[in-house]
Amino acid sequence: MNLLRNLKSISLVALAPIALTACKKDKNNGVGTPQQHTITVENVLQSQPLVESGTFQGTGTPALILPGQSTSISFSAAKGEALSFATMYGASNDLFFAPSNPGIQVYDANGNPIEGDVSAQVKLWDNGTRVNQKPGAGVVHPGVAETKNITEVSGTDAQGNTYLTASKLVKATLKYNGNSTFTLTLQNTSGGTANETPLSPGVWSVSYIVGGTLQAPNPLYTAGQPTLNGLTNIAEAGDNSALSTYIKSITGIFTPLSPILVVVYNGINNPIYNTGQVDAGNGLTPLAQQGNADILAAYLKTLKGVKAVYVLPAPTTKVLLPQIAGKQGGVVSQQLNVNSGDRLAIATMYGFSNDWFFASADNGVDPTQTGDISSTIKLYDDGTAVNQFPGAGLTQFNLAGTPLKESQPITAVPNPNSFTTLPGITSIIKVTLK
């Protein structure tokens, strides 16, 4: 319930322009008696809380990270997003290394990337499923079972065994690679200490941030709560497969849709955009970068052949939110007066992108038809802002960033693309006429 309340107050200001419902009078360019139809647009995306996740391991067989060895994790993140990971303290019954939730912060309060040694954010945790023995080569696996909550091990564990601080055993170094991408290097520095241990293969994740709220603030574990979702397999046996399967199941797409631009026209081509050409500067850029359709709507109303223009905001939130925890996504409808020979096209921003927008392909559709026309919608790149991982870009406008300008022709967004694999368009946006 807290998540849903937070989403109602999402601070995507640019995705929520003042409601504009403007309709030009029918110029009677069509044929026959005007017909009344209703267009309905829905965000049908089954959203996921993690924007990225993956696994890491050593280079040998078995794939342990031995003292003196290191492994790296490459990822993207927006301001406020954090990197979490988990790896077994190998010479233990059920201890694991992980940062405190929500994870390692990668930007400072001003949005500047953090670089260098972040080892102080790495902690040692007791999974609470096995009675601890003195750490080292003599540990018996799996050991005596117990049922306790996850607790931090700081200095000593429940059995009085002593440990160096986690930052003395694991060195974490953060490097910024540009364009909202980072590399975290984990080095096993336990060699020669009283707590010498291998590190197991592990998992990592980055949570979406929506309106300042992380969608998965405790992605891999919760301190003071029982272990879940396969973490025990890592903590007891260094097996990351079960937890990897779980985090993959909650990794994917989260995006709102901006207020929907709808245009009815006759005798002209689709007036919203032209693929293969640079954005003409008539208002598509504010729609594609910020979700503001008002400027393009005002321009379209001046064009010969355009019969009606609408901007459809969602009630309350203005944006069309995706499905969250089974709750229906946003939906808007508009009644249309159309004639035979008219065409209809729509456009809306892929909210968590730099300048992607959904739009009717080619010359739109016949608005006198009825049924599901979602298959006629495609995803395009406006070519006016440098792309970043959707939902994990520092310069994405609706993640409090300022887009980095570029000037490229409008093109279809490939799937998969250089950042991610998207679900089918019809699994994100549904458009029907009746």
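Predicted model: local features only at pLDDT ≥ 70, side-chain atom pairs only at ≥ 80, totals over all residues.
## Sheet

An open sheet is built from four strands, which run in the order β3-β11-β10-β7 with antiparallel pairing. The edges are taken by β3 (70-76) and β7 (116-117); each has a single partner strand, so one side of each is left without a neighbour in the sheet.

Eight bridges join strand β10 (residues 170-178) to strand β11 (residues 181-188), in the antiparallel sense. In this pairing, Val170 stands opposite Asn188 in β11.

## Nonpolar cores

The largest nonpolar core holds 74 residues, and within this core Phe75 and Leu184 touch the most other members.

Leaving aside residues up to four places away in sequence, Leu184 touches Thr71, Ser72, Ile73, Phe75, Leu83, Phe85, Ile104, Val118, Ala172, Thr173 and Leu174. Phe75, one of these contacts, also belongs to an aromatic cluster with Tyr107, Tyr176, Phe182 and Trp204.

## Aromatic pairs

The whole structure contains 16 aromatic pairs. Phe56 and Phe85 make one that is edge-to-face, with 6.3 Å centre to centre and 80 degrees between the planes. Phe56 belongs to strand β2 (residues 50-56) and Phe85 to strand β4 (residues 82-88), so this pair ties together parts that are 29 residues apart in sequence. Both Phe56 and Phe85 are buried.

Phe254 and Phe352 form a stacked pair, at 6.0 Å centre to centre and 20 degrees between the planes. Distant parts of the chain are linked here: Phe254 is in the loop between α4 (241-249) and β15, Phe352 is in the loop between β18 (343-349) and β19 (356-360), and the two are 98 residues apart. Phe254 and Phe352 are likewise buried.

## Asn266

Asn266 sits in the loop between β15 (260-265) and α5 (284-290). Its relative accessibility is 14%. Residues under 20% are classed as buried, so Asn266 counts as buried.

The side chain of Asn266 has two polar partners to report. One is Asp342, whose side chain makes a polar contact of 2.7 Å with that of Asn266. The other is the backbone oxygen of Gly341, which the Asn266 side chain reaches at 3.2 Å.

Methods. Residues numbered from 1 in each chain as written. Heavy atoms only, no water. Pairing = 2+ DSSP bridges. Buried < 20%, exposed > 50% of the residue type's maximum accessible area, 1.4 Å probe, protein only. Polar contact = N/O pair within 3.5 Å; in protein donor to acceptor, adjacent residues only side chain to side chain. Core = buried A, V, L, I, M, F, W, Y, C linked by side-chain atoms within 4.5 Å. Contact = heavy atoms within 4.5 Å. Phe/Tyr/Trp six-rings, centres within 6.5 Å; stacked < 30°, edge-to-face > 60°.
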